[in-house]
Amino acid sequence: MAKSKWPQVKEQLQLVEGWAKLGLTEEQIAHNLGIGRSTLGEFKNKYPEHQSALKKGRTVAVAELENALYKRALGYDYEISRTSLRMIDGKEAKFVQKIRKHMPADVGAIIILLKNKDRGNWCDNPEKQVLDREIFEFRRRIELAWLYGDEKE
């Protein structure tokens, strides 16, 4: 029987979390650990600390992306530096020029945020949303009828 690679992987859980934070896929993480994708899946199921490291890394990544999208939706100011060399009295002088710029609000980012954060007021098809709720309630009632029988009989 082959020796488990879990002890080696356990030592690298901080790396796993970091890779998940950077957006690596599970296949890429498995490759970095020197294990197969299926072995990674087994470790996720068998060892909660492994699942936790992956989840924690992804949570941080999603939060950072949401913050960047929010910043882009509102617009922001930023500063760039330009360095130039000039000759003054026969000597080379280095000049650094700081320039403030403005990134305007992005309508696309605004729409994405509103559709995801306030679905009740911002959706493409409100009628579909109402129908989806009704279908969900109907399916829930069917499941209850299957489980507990029809009480009206």
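Q: Which side chain does aspartate 124 meet in a salt bridge?
A: In this predicted model, the side chain of aspartate 124 meets that of lysine 115 in a salt bridge, at 2.7 Å from N to O. A salt bridge here is a side-chain nitrogen of Lys or Arg within 4 Å of a carboxyl oxygen of Asp or Glu.

Q: And is aspartate 124 buried or exposed?
A: Aspartate 124 is exposed, because its relative accessible area is 66%, whereas lysine 115, at 31%, is partly exposed. The cut-offs are under 20% relative accessible area for buried and over 50% for exposed, with partly exposed in between, using a 1.4 Å probe and protein chains only.

Q: Before I go on, what should I know about the numbering and the model?
A: Residues are numbered from 1 along each chain as its sequence is written, and side-chain values use heavy atoms, with hydrogens and water left out. Since the model is predicted, local features need pLDDT of at least 70 and side-chain atom pairs count only at pLDDT 80 or more, while totals for chains, interfaces and linings use all residues.

Q: How many salt bridges does the structure hold?
A: The structure holds 11 salt bridges. One of them joins lysine 44 to glutamate 26, with the closest N and O atoms 2.8 Å apart. That pair links distant parts of the chain, as lysine 44 sits in helix α4 (residues 37-46) and glutamate 26 in helix α3 (residues 26-33), 18 residues apart. Helices are DSSP runs of H or I with at least four residues, strands are runs of E with at least two, and both are numbered from the N terminus.

Q: Are lysine 44 and glutamate 26 buried or exposed?
A: Lysine 44 and glutamate 26 are both buried.

Q: What does arginine 141 form a salt bridge with?
A: Arginine 141 forms a salt bridge with glutamate 137, and their closest N and O atoms are 3.4 Å apart. Both residues lie in helix α7 (residues 126-148), four residues apart, which is about one turn of the helix. Salt bridges that share partners also join Glu26, Arg37, Lys44 and Arg58 into one network.

Q: Back to α4, then: which residues are buried there?
A: In α4 the buried residues are Leu40, Gly41, Phe43 and Lys44. They lie on the same side of α4, because they cover an arc of only 160° around the axis, where the arc is that of the directions from the helix axis to the C-beta atoms. The face turned away from that buried side carries the exposed residues Ser38, Asn45 and Lys46.

Q: What about phenylalanine 43 in particular?
A: Phenylalanine 43 counts as buried because its relative accessibility is 6%. Phenylalanine 43 and lysine 5 are 38 residues apart in sequence, and their C-alpha atoms are 9.6 Å apart in space.

Q: Switching to strands, how many bridges join β1 to β2?
A: Strand β1 (residues 76-88) and strand β2 (residues 91-103) run antiparallel and are joined by 13 bridges; two strands pair if DSSP finds at least two bridges between them. Arginine 82 stands opposite glutamine 97 in β2, and serine 84 has phenylalanine 95 in β2 as its bridge partner.

Q: What's in the turn?
A: The two strands form a hairpin with two residues between them, and aspartate 89 in that turn has a positive phi of about 55°, in a residue other than glycine. Aspartate 89 counts as exposed because its relative accessibility is 79%.

Q: Last topic, what volume does the largest pocket have?
A: The largest pocket has a volume of about 180 Å³, and the residues lining that pocket include Lys115, Trp122, Asp124 and Arg133. A pocket is an open set of points on a 1 Å grid over the protein atoms alone, where a 1.4 Å probe fits, with protein on both sides within 12 Å along at least five of seven lines, and lining residues have an atom within 4 Å of a point. The volume is the space filled by probe spheres set on the points.

Q: Which element gives the most to the lining?
A: Helix α7 gives the most to the lining of the largest pocket, with four residues.
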